[in-house]
Amino acid sequence: MQFNQATDYAFRVIIHLTELPEGKLANGQTIAEQQNIPPGFLQKIMRSLSRGGLVKSYRGVDGGFVLAKPAKEISLLDVIQAMEGPIDLQRCLKEDASCTKGCESKCLVHTSLAVIQQDFVKSLEKVKFDQLVEKNNREG
């Protein structure tokens, strides 16, 4: 399993916005330049982050982007789900009926993967962007 490039860029965007003073807008050109994201790709990313409730956009000459909620409420999981949808390590974890053997949730692999997925999701939920930025500032 590997997250796509758009998700990596989305992490950078959220970190960039987290580092700004509260309420300060960042324009797309600045984000693209400072985070080394192709401008056309940034627009797609910002739409996904906006639909996911993580970023607000403001139009106009003084427009730009800002976090839609405090960074302490935005997790790695939130960004991943905004960019890639729900995390499903195996399709049978999403739909029991998708098992081609017909054993659904009685399968030993299904049961093991369900536990692993649950632990993975919980771990991603715990990592908040305010913590990432704070840790980086202490170490930097």
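Modeller: Start with one term: two residues are in contact when heavy atoms lie within 4.5 Å. Now take valine 79. Leaving aside neighbours within four places in sequence, valine 79 is in contact with Thr7, Ala10, Phe11, Ile14, Leu49, Leu54, Ile74 and Phe129. Keep in mind that this is a predicted model.

Biologist: What is the mean pLDDT of the protein chain, and which helix has the lowest mean?

Modeller: First the general idea: where pLDDT is low, the predicted coordinates should not be read in detail. Here the chain has a mean pLDDT of 88, and 88% of its residues reach 70 or more. Among the elements, helix α5 (residues 91-94) has the lowest mean, 64. Helix α4 (residues 76-84) has the highest, 97.

Biologist: How many helices and strands are there?

Modeller: The protein chain has 7 helices and 2 strands. From the N terminus on, the order is α-α-α-β-β-α-α-α-α.

Biologist: How do the strands β1 and β2 run?

Modeller: They run antiparallel, and 4 bridges join β1 (residues 55-58) to β2. In one of these pairings, serine 57 has phenylalanine 65 of β2 as its bridge partner. The hairpin has 5 residues between the strands, and glycine 60 takes a positive phi near 105 degrees. On β2 (residues 64-67), Gly64 and Val66 point one way, Phe65 and Leu67 the other. All four residues are buried.

Biologist: Which residues have the most contacts inside the largest nonpolar core?

Modeller: In soluble globular proteins, nonpolar side chains tend to be buried together. The largest core here has 30 residues, and Val13, Ile14, Ile45, Leu49 and Val79 have the most contacts inside it. Elements giving two or more residues to this core include α1 (5-19), α3 (39-51) and α6 (108-126). Helix α1 gives the most, with 7 residues.

Biologist: How many aromatic pairs are there, and how do I read one?

Modeller: A pair of aromatic rings is described by the distance of the centres and the angle of the planes. The count here is 2. Tyrosine 9 and phenylalanine 41 are edge-to-face, 5.4 Å centre to centre, with 85 degrees between the planes. This pair links helix α1 to helix α3, 32 residues apart. Tyrosine 9 counts as buried because its relative accessibility is 11%, while phenylalanine 41 is partly exposed at 25%.

Biologist: And the other pair?

Modeller: Phenylalanine 11 and phenylalanine 129 are tilted: 6.4 Å centre to centre, 35 degrees between the planes. They sit in helix α1 and helix α7 (residues 129-139), 118 residues apart. Phenylalanine 11 is buried at 17% relative accessibility, and phenylalanine 129 is buried at 0%.

How values were computed. Residues numbered from 1 in each chain as written. Predicted model: local features only at pLDDT ≥ 70, side-chain atom pairs only at ≥ 80, totals over all residues. Heavy atoms only, no water. Buried < 20%, exposed > 50% of the residue type's maximum accessible area, 1.4 Å probe, protein only. Pairing = 2+ DSSP bridges. pLDDT = per-residue confidence, 0-100. Core = buried A, V, L, I, M, F, W, Y, C linked by side-chain atoms within 4.5 Å. Phe/Tyr/Trp six-rings, centres within 6.5 Å; stacked < 30°, edge-to-face > 60°.
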